[in-house]
Amino acid sequence: MLASKNLLGIKDLSVEEIRLILESSLGFRDVLGRDIKKVPALRGKSVVNLFFEPSTRTRTSFTLAAKRLSADVVNFSVSSSSVVKGETIQDTALTIQALGADLLVVRHASSGVPDYLSRILDISVINAGDGSNEHPTQALLDLFTILQYRKEISGLTVAIIGDIAHSRVAKSNIYGLTKLGAEVRVICPPTLLPAEIEHLGVIVFHSIEEGLKGADVVMTLRLQLERQARGFLPSLKEYFYLYGLTAERLRLAKKDALVMHPGPMNRGVEIASEVADGTQSVILDQVTNGIAVRMAVLYLFGGARR
Ligand code: NCD
């Protein structure tokens, strides 16, 4: 059973809740493998996607997940809504609730917006990424993808490379992986470490060669240039030279190490094409698994509880 009707971050979830979501995702992955990829679990419920930031995979994934559960789903497009006429976010959210939505999936450039909306709304709020804070469904689908290839998370060494300071994917993964017993290493230049790093329970490396040694999973991240002030990096070329995941560097990790990336990728900046498309890459599995995991999230947080 889940303690909250909202999924705001992995930080707030217990290990049991994480396991429950991952187990339910397995069931939904079976559904997606059938001829008829649809179940009536959320028939009569409405899901509204409210995205204030660009998104391809996350929004499409939530949309498909809702449809596979037989929910009605509406993609609220901010650029053509009353938001451009100056409506506040609370009025927009209250309007969506008054229209009869059961679940609100929200993405916003400011950290804390989903938390704020969950306090003013009665319906379930699912965080689809808030600023540099959290992106819980991404971390859940990453855990699920690792478990597709490894028996358990506990005991694994996971190296996360890149813009840790500005990445909500990094934060949510750090919370999830450490809760489930992995050793988490972060590899980045000192300028891209978050202020709260000592409280995150990770081991910090500034040398990619050192950090990759013996890793079971290697996760690369996009530089969040839209969230960075100037001056964090000399140039993208230099970043690739120092921190890019090349085939040669990947050989320092375990022979069968998994290569992950939440997307969107900047090839030649954080990852070389031959690694992104290589045999160790599970990047497209992450995308596929995202639908099953989001089905589980929509079902557990929105449907099963009412
Ligand atoms: C990420 C995001 O938006 O936080 N993308 C995603 O949802 N898969 C990562 C990113 O933008 O770099």
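Colleague: Leaving aside its neighbours within four places in sequence, which residues is S70 in contact with?

Modeller: Contact means heavy atoms within 4.5 Å. Here S70 is in contact with K38, V39, P40, L42, R43 and G44, once its neighbours within four places in sequence are set aside. This is a predicted model, in which local features need pLDDT of at least 70 and side-chain atom pairs count only at pLDDT 80 or more, while totals for chains, interfaces and linings use all residues. Residues are numbered from 1 along each chain as its sequence is written, and side-chain values use heavy atoms, with hydrogens and water left out.

Colleague: Where does S70 lie, and is S70 buried or exposed?

Modeller: Helices (H or I, at least four residues) and strands (E, at least two) are DSSP runs, numbered from the N terminus. S70 lies in the loop between α2 (57-68) and β2 (72-77). Buried means under 20% relative accessible area, exposed over 50%, and partly exposed in between (1.4 Å probe, protein chains only). S70 counts as buried because its relative accessible area is 19%.

Colleague: And what about D163: buried or exposed?

Modeller: D163 has 0% relative accessibility, so D163 counts as buried. You will find D163 in the loop between β5 (157-161) and α6. Not counting residues up to four places away in sequence, D163 touches L192, L221, R222, L223, Q224, Q228 and Y239. From C-alpha to C-alpha, D163 and F232 are 9.9 Å apart in space, and 69 residues apart in sequence.

Colleague: Now for pockets. Which residues lie nearest the centre of the largest pocket?

Modeller: On a 1 Å grid over the protein atoms alone, a pocket is an open set of points where a 1.4 Å probe fits, with protein on both sides within 12 Å along at least five of seven lines; lining residues have an atom within 4 Å of a point. The largest pocket has 20 lining residues, and R107, R168, R222, G263 and P264 lie nearest its centre. The elements giving two or more residues to this lining of the largest pocket are α2 and α6 (168-179).

Colleague: How many residues line the second largest pocket?

Modeller: The second largest pocket is lined by 13 residues, with R19, L22, L147, K151 and I153 closest to its centre. At least two lining residues come from each of α1 (15-32) and α5 (136-149). The largest share of that lining, five residues, is supplied by α1.
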